[in-house]
Amino acid sequence: MSAQKKRNFQIEAFKHRVVVDPKYAEKTWKILEHAIHEIYNHNASGLSFEELYRNAYNMVLHKFGEKLYSGLVTTMTYHLKEISKSIEAAQGELFLEELNRKWAEHNKALQMIRDILMYMDRTFIPSTHKTPVHELGLNLWRDVVIHSSKTQARLLDTLLELVHRERSGEVINRGLMRNIIKMLMDLGSSVYQDDFEKHFLEVSADFYRCESQEFIESCDCGNYLKKAERRLMEEMERVSHYLDARSEAKITNVVEKEMIESHMNRLVHMESSGLVNMLVDDKYDDLGRMYSLFRRVQNGLVIVRDVMTAYIRDTGKQLVTDPERLRDPVDFVQRLLDLKDKYDKVINLAFNNDKTFQNALNSSFEYFINLNARSPEFISLFVDDKLRKGLRGVSEEDVEVVLDKVMMLFRYLQEKDVFEKYYKQHLAKRLLSGKTVSDDAERSLIVKLKTECGYQFTSKLEGMFTDMKTSQDTMHGFYSAVGHQLGDSPTLAVQVLTTGSWPTQPSATCNLPAEIFWVCEKFKSYYLGTHTGRRLSWQTNMGTADLKTTFGKGQKHELNVSTYQMCVLMLFNNTDRLTYKEIEQATEIPASDLKRCLQSLACVKGKNVLRKEPMSKDIAEDDAFFFNDKFTSKFFKVKIGTVVAQRESEPENQETRQRVEEDRKPQIEAAIVRIMKSRRVLDHNNIVAEVTKQLQARFLPNPVVIKKRIESLIEREFLERDKTDRKLYRYLA
Amino acid sequence: MRKEETVKLISAEGFEFVIHKDAAMVSQTIRNMLTSPGSFAETEHGEVTFPEISTTILEKICKYFYWNLQYASGKQTDQLSPYMSMPSLLGGQVLFNIDCPGRCPRM
């Protein structure tokens, strides 16, 4: 709007009397000069603002602006010199107060002068590019008062002295301090920096260098960090109270550098109180302090992280390679989980859930878990233990928690296929013996494995569940179709297992007792009648049986035994004494299995339904066995477990290894063919790299094995070597 | 109207206009006069003498002050500014340092 107005009207200057008096300018200036003197002497009440304003206005209007301006500079300089003298004369403590008081007065006077000379400020000064009145006042104050030879150094010394006194615990007048610092800032940021901040930072660096040296000699790590933190807080507080906010970064930088960065290594490695000791003793507060302080300096966290990683790797390595631990797989895994929990908690509580620390923790676990080749087996055994009994009566959420933790360990495994192998075995045992605590938990874990490793990884495991379900239906069908023909022969429960899905061993069938054999034949003909083109073979090594038994004094018990044990016990229906050789001949159970099953029948206290002669722990070829008439038990149902090796023995382990290696071969070959099909030509090193990349979700293939597979593929004419460059392979379609 | 809320403006001929301080402070110059940190004679006595402004013009100026106070805070108005009818008064803008109508007075 204002622009519009100005277009509409021609602004004419106010009509004034023509200046006739040649001394007009001199006279008018005298009036104004007098006024400025009065203002500085706190004697302005007799002055008329209107008159002064009008005079200044007229002077500018009549082209005496230059005279007015230079007059102002001279007069103000004169007064500031007077002020400077009185400040310099102030003694000791009064110096700052005097300076502060005079500064306030000068500001007030400057304000009044600017109001009077407003017209000059608005018209004359912009057109002649001079310094505006207010700024002029500040500049003159800076040059005449602050930079006077006597004041400049004294002011700096006084300020630094006050800061030093406050650092040593004295109480100083912060209000006064703030005003003086504010004055320096008002005079321009360069004045604040050159006349105060620069020196302040230098002195602080010296101070903290000495102090940190003193602390580090006398304190342990925790206490040192506490002191450093306190100092840092103090400096920040100081900035917020009386320094420029922009100084905060600079002064904290000084403290960080002197107190932390230069002693970083020594602090972290400090004997009996350094980082490792804090980790051992779960000192979350100290660790948190270390994290927040070290985060401020470059490379600080790198040191903390490296030391922590090295320590975790070390403890982890000790744990997984300790032969004591290998005896109890469940305890072994539990310890791993505890270790993980411990460091998760540290990272959560003290290290602000720092991603880089989590990664370091993960890579450490990955490193040492894979140091022990039996980790996959043990993890699977741990799951087995949990799903058999550990999770009984535990709420669903807690089950999930345990399973999630297991999955976390699983993720660290490089040989996931080995885990799969063992898991399959253990799952098969659980399913067939009906020992699993909860179907939901089993399925939940499978879903987790599926999301982690994809459909292929779990398809066989899922197949096992399907088989269990179909078998139930088949048994229903069997009993409703032919049940009436069976009379009171033993009840049969068959689980039909798809070959391939289950970890079946080449079956060594034993001789079943006649009545059982008959029912089995019935089932076989029923099953093959409904499903054409299939073949059934009996896995007697995997079954169980319930036997109703009557002992010498008429006590009745129901024995829950394995199929092999059932076969052995049924022999005692007709006789009381059998030798090992006789049993072996009658049943044809493989020797190692037979020994184990006899051991559990005759040698376990409280479950010894057989007697053995001679009495000893182990089964020898010439032992004789008797039906134990005197057997008693508090329970009606007696479960006779086979003495199963919980963890695999060394030869079994070797065997499993070998099978895993066998299984890997086709996978490696498939990967090579996939890669070569798309690349056509590739050199050896690249193939190895790509194959490793493709397969690392399941296992880490050995380059030597890959080389062998390539050779085998060349033999079978999938690939050929390049004629000229022997390192290149070509894909043959 | 209490005394401390008012200010007395005196023309060249000695006519006195007693108006609200709020209205008088529409003029940046008068605002400075009355609020300057040191106390000038004007602040002490609550009156300002204009030896170079005639009664007629000072009256118009006072009217303008009130008009500005009432309408110039951005509100639309049909009423014509008393200011617009007197181009000759425009000199006052310079001396009194008044912002054009429709804008809030500058500090």
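Which exposed residues does the face of H8(A) turned away from its buried side carry? I started my notebook with that.

**Ground rules.** I am working with a predicted model, where local features need pLDDT of at least 70, side-chain atom pairs count only at pLDDT 80 or more, and totals for chains, interfaces and linings use all residues. I number residues from 1 along each chain as its sequence is written, with chains lettered from A and ligands numbered from 1 in the order in which they are written.

**Helix H8, chain A.** I take helices (H or I, at least four residues) and strands (E, at least two) as DSSP runs, numbered from the N terminus. H8(A) covers residues 149–167. I checked its span first. The expected span is 1.5 Å times one less than the number of residues.

Next I looked up burial. I call a residue buried if 20 or more other C-beta atoms lie within 10 Å of its own, exposed if 12 or fewer, and partly exposed in between, with C-beta atoms placed from the backbone. The buried residues of H8(A) are Leu155(A), Leu159(A) and Val163(A). They cover an arc of only 60 degrees around the axis, so they sit on the same side of H8(A). The arc is that of the directions from the helix axis to the C-beta atoms.

My opening question now has its reply. The face turned away from the buried side carries the exposed residues Ser149(A), Lys150(A), Ala153(A), Asp157(A), Glu161(A) and Arg165(A).

I then asked what covers the buried residues of H8(A). The cover includes helices H7 (133–146), H9 (174–186) and H10 (189–218) of chain A. Contact here means C-beta atoms, placed from the backbone, within 7 Å. Gly169(A) follows H8(A), and its phi is positive, near 105 degrees.

**Helix pairs, chain A.** Under 35 degrees counts as roughly parallel, over 145 as roughly antiparallel, 65 to 115 as roughly perpendicular and the rest as oblique.

I took H2 (residues 24–40) and H5 (residues 94–116) of chain A; their axes come within 9 Å and cross at roughly 155 degrees. H2(A) is therefore roughly antiparallel to H5(A). The contact is made by Ala35(A), Ile36(A), Ile39(A) and Tyr40(A) of H2(A) with Ala109(A), Met112(A), Ile113(A) and Ile116(A) of H5(A).

My other pair was H25 (residues 563–571) and H26 (residues 580–587) of chain A, whose axes come within 10 Å and cross at roughly 115 degrees. That makes H25(A) roughly perpendicular to H26(A). Cys567(A), Val568(A) and Leu571(A) of H25(A) meet Ile583(A), Ala586(A) and Thr587(A) of H26(A) in the contact.

**Arg230(A).** I found Arg230(A) in helix H11 (residues 221–242) of chain A. Buried or exposed, I asked of Arg230(A)? Arg230(A) counts as exposed because it has 10 C-beta neighbours inside 10 Å. Its C-alpha atom is separated by 72 Å from that of Lys595(A), 365 residues apart along the chain.

**Chain B.** I listed five helices and three strands in chain B. From the N terminus on, they run β-β-α-α-α-β-α-α. Of its 107 residues, 27% count as buried.

Terms used: Contact = placed C-beta atoms within 7 Å. Axes fitted to C-alpha atoms, helices over the stretch in contact; angles between N-to-C directions.
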